Amino acid sequence: MVLAMLCFTANAQITYRGKIINLENQPLYGADIISNDRNGVATDIEGNFNITITGNPEVMVSYVGYKSIRLVLTSEFNTIQLELQSETLSEVIITASREQQKRKDVPAAIAVINSSEIKDAKAFGIEQLVNQAPGVYMSTSKASGNEQHFMSVRSPISTKSLFLYLEDGLPIRPTAVFNHNALLEMNSLSFDRIEVLKGPSSSIYGSESIGGSFNYITKSPRPGVNGSASFQINDLGLKRYEFEVDTHDSEKFGFYLGAQFTNRKDGPIEHSDYEKLAITFKTVLDFNETTKWVNVLDVVDYRSDMSGSLSESDYSDGNYESDQTFTERDALSFRFRSTVEKYWNDQNKTSFNVIYRDNKMDQIPSYRIRQFRDFGQLNGSGSGEINSNQFNSIVGLVQHKLDFNIHNSSLIVGASLDFSPQDYVAERIEVIVDPATGKNIGYTQNEGDYILNYDADILNYAAYFQYEISPIDALKISAALRYDKFVYDYNNRIDGQAGAQDTRSEYDNFAPKLGVNYNFSNKIGLYTNYSNGFTPPQTSTLYRNKYVGVGGEVFELKPSVYNNYEIGAYFVNGKKLKLDAALYLLDGKNTLITLRDENDEYYNANAGKTRSYGIEYGITYFPIESLSISHNGSYAKHRYVNFYEGGVDYSDTDMETAPSLIGLTTVSYKPTFLKNFNIAAEYELIGKYNTSFENQIDNGDGTFSTATYEGHNIFNLRASYGFKNFEIWVHALNIFDDLYAVRASYNKYRSENSYSVGNPRAFHTGIRYNF
C-alpha cells in the first residue's frame, strides 16, 4: 500500500495557473508554456494559461521577440514577466499605431530606448536619453537650462511646435497651446521606455507631429513589492531626491508611485536656480480576462529662474554672469488619464480614453526684456512683461482594432475630441537697468497696461483609420488617413485697449500615409513611406502678431503643411551588429519662423516653402560580448526654397540654426569579471551652422556676410556599479572643459550672436537603494 501511494504521488497530475506579461505589465497573447514532458499550452488574450503537468513543474516560457526563460511553477498563481530581446526585428513597437506591432511591420524610422538602456544611462536629463535616437538633438544647458530646451529632428534647432510629446500614446498638451514646454510637465523617473517616431505622424496623432513624436511609456506595477530610493548631486548646484514603489501582488490590482524633487542653488551661471516636484501615480485593475482599467495621475510643480542668453563678449570671455535678476517661469501641471481596454474576442479590441488637464504657467520671460539706449549707451531703463497662460482640457479618444483572418490584415479606426479653454493675460513692466553693469536689477508693473487679455475656446475633433495587409509573408502594406478640424473662438476682454477684435478661426486637414515593408528574413528588411504632417498656428502666435492693430482683424497665419518621402533599412546580425538607416525628404509649405521687428521684439511669420533632406543612421557593434560601440547621427540640409523677408529674397539659401551634421558616439564596457559594473564614454558632435540668414550682415563696404556658429565636440564619461541592493554612479560632463553653446542665434540689432551656453566641466554622482 505504501509503495502504491508513493507511486501515485510521483505520477500525480497537477494543474498550474498563471499569466504571461511584458515589463510594461501588458499581457502577451499566444506565448508558449512547455513542460519537460513536452506538454504545451498557449496564453489567451489576457495572457492567462492553465497547464497540467505530471511530475516536475519546470517549464520553458517563450514568445516571439522576447527572451525565453526556464522556471519552476508554483501551486500559487504564477505571474511571469518576459523581457524584450533586441537581436531580431521582432521588437515590439507601440507608438506607430497605439497598438503593439513588431519593428519589421512598421514602415517608418523609429528608435527605441528600452528599460535596460534607461537603467544603464542613469540620466538626470531627458536629453541624455532621447539623443540616443538617430537624428535627434535635444539641447539644454546643464548649467542653467533647468529642463528648458531646444529640439531638432529633421528641422533646425528651435522651440517650434514641430514635435509631439506623448505619455502612453496620448498628448501631454492640447493643440494650439504652445507645447514646447510640455517636457517640463513630465516625471522622468516614471519612464520605462521611450519610443521616437521620426517624420510626420499626423495620420494617427494629428497636428504638430512633424519632425517627430516622442512617446514616454510609464512604468507599470510588477509582481511582489518593489521600489527604490535615490539621491543625486553635482557641482552645478543641483540636488535630486527620488522615491518609487510598485506592486501587483494580487491577480487583479496593482499600482506604481514615483516621486522626485529637484532643486538647483547657486549654480555656475548667475540667476539659474530652480525647483521641481513631480509625482506619478498609476493603477492597473484587471476586471476579468478581457477587461483592463488603467489610470495615471501626474502632478508637476515647477519654478525656474530664466537667466537668458549671453552676449558675444560674455560668451567669448567665458563670463557666465547673467544680466537678469528677476525673470522666471512658474508652472503647475495636473494631468489625469483613464483608459479601459476591452478584448471582445480574439479579433476585436477597443480602447476607451479620457484625459483631464489643468495647467497654469506664469512668467516674467527673459526673452521679452529690452534695454533702452541713448546714442549707443544704456540709459538705465527698459521694458518687459509679466504674462500668465492657463488652460484646462477634456479629451476623449476611442480606438478599435479589428484583425481579419486573411493575409494577416487588420484595421484600426478611431475618433477623438479635445476641448481646451485658454486664458491669457500679458501686462507691461518698466525695467530698471544698471548702466554700469548692464544688469536688469528691478521692475515696476504697469497695472492694467495690457499687451493682451483674452480667453479662447479651442476645439479639435478628428477621425482616422489605418489598414494593414500582408499579401505574402515578407510584405506588409500600410495605409492611413486622418481628418482634423480646429476651431478657435477668441474673445478679447479689453476691446479697444489692446489686442485684435473678437474672432473665430477654423482650420482643417486630411493627413494621409502610405507605407510598405519588405523583410528578407527576421534579420534584414526595407521600408518606404509617404506621410503628411500639419500644424495650425498656435494661439500665442495668432493673436500676438506685429500685423494686428488694436481692434483690428486677426492676421490669419496659415497652417504649416509638410510632405515627407522616406526610404529606410534595418539589419540585425545576432548579438554582433544592429543597423538602422533612413533617407528622407521633407517639403514644407507655410513653415512658421520667428523673426525680430524694428523694436527688437519677436514675431512669427510664414516662410513660403522649405525643404529638409538627409540621412539618419544608427549602428551598434559588439566586438565582444562585454563591449559595445554605437554611433547615432544624421547628415542633412535645411533650405529656404521660397522666402522673402524685409524685401530681401532669401530663396535657395540655408536656414539658420540648422547644423548639417549631428552625431553621438558611445563606447560601453560591461566586464564579465565584475558583475553589475558599467563604464561608458560619449562623444557629442554638432557641426557648423548659420546663425543669421545667408548674407544678412551688411559689412558697410558693399559686401555682405553670414554669421555662424562653429559647432562643438564634447566628451562625457559615466560609470556605475551595483552591489547587493545598492547602485552608485558618477558622470563626468565636458571633461575637456570646452566652451560651447547649446544654441546660438544672430541679433541683427546688436549685430552679434547670442548664446545659450552649455555647461562647463562638471561631475554628477548618485546612489540608489532598491528593494
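Trainee: Is Tyr721 buried or partly exposed?
Mentor: Tyr721 counts as partly exposed, at 29% relative accessibility. Buried means under 20% relative accessible area, exposed over 50%, and partly exposed in between (1.4 Å probe, protein chains only). Bear in mind that this is a predicted model, where local features need pLDDT of at least 70 and side-chain atom pairs count only at pLDDT 80 or more, while totals for chains, interfaces and linings use all residues. Residues are numbered from 1 along each chain as its sequence is written, and side-chain values use heavy atoms, with hydrogens and water left out.
Trainee: And what about Phe723?
Mentor: Phe723 is partly exposed, at 34% relative accessibility.
Trainee: How many aromatic pairs does the structure hold?
Mentor: There are 32 aromatic pairs. Rings of Phe, Tyr and Trp (its six-membered ring) pair if their centres lie within 6.5 Å; planes under 30 degrees apart are stacked, over 60 edge-to-face, and the rest tilted. One of them is Tyr454 with Tyr543, an edge-to-face pair at 5.3 Å centre to centre with 70 degrees between the planes.
Trainee: Where do Tyr454 and Tyr543 lie?
Mentor: Tyr454 is in strand β27 (residues 439-469) and Tyr543 is in the loop between α6 (539-542) and β31 (560-573), so the pair ties together parts 89 residues apart in sequence. Helices (H or I, at least four residues) and strands (E, at least two) are DSSP runs, numbered from the N terminus.
Trainee: Are those two buried or exposed?
Mentor: Tyr454 is buried at 1% relative accessible area, and Tyr543 is buried at 2%. Ring pairs also link Tyr424, Tyr454, Tyr490 and Tyr543 into a cluster.
Trainee: New topic: which residues touch the most other members in the largest nonpolar core?
Mentor: Tyr165, Ile194, Phe214 and Tyr216 do, out of 29 residues in that core. A nonpolar core is a set of buried Ala, Val, Leu, Ile, Met, Phe, Trp, Tyr and Cys residues joined through side-chain atoms within 4.5 Å. The largest share of this core, 3 residues, comes from β15.
Trainee: What else is in β15?
Mentor: Glu195 has its place in strand β15. Glu195 is buried, with a relative accessible area of 0%.
Trainee: Last one: what order do the strands of the open sheet take?
Mentor: The 5 strands run β10-β15-β16-β13-β14, with mixed pairing. Two strands pair if DSSP finds at least two bridges between them. β13 and β16 run parallel, joined by 5 bridges.
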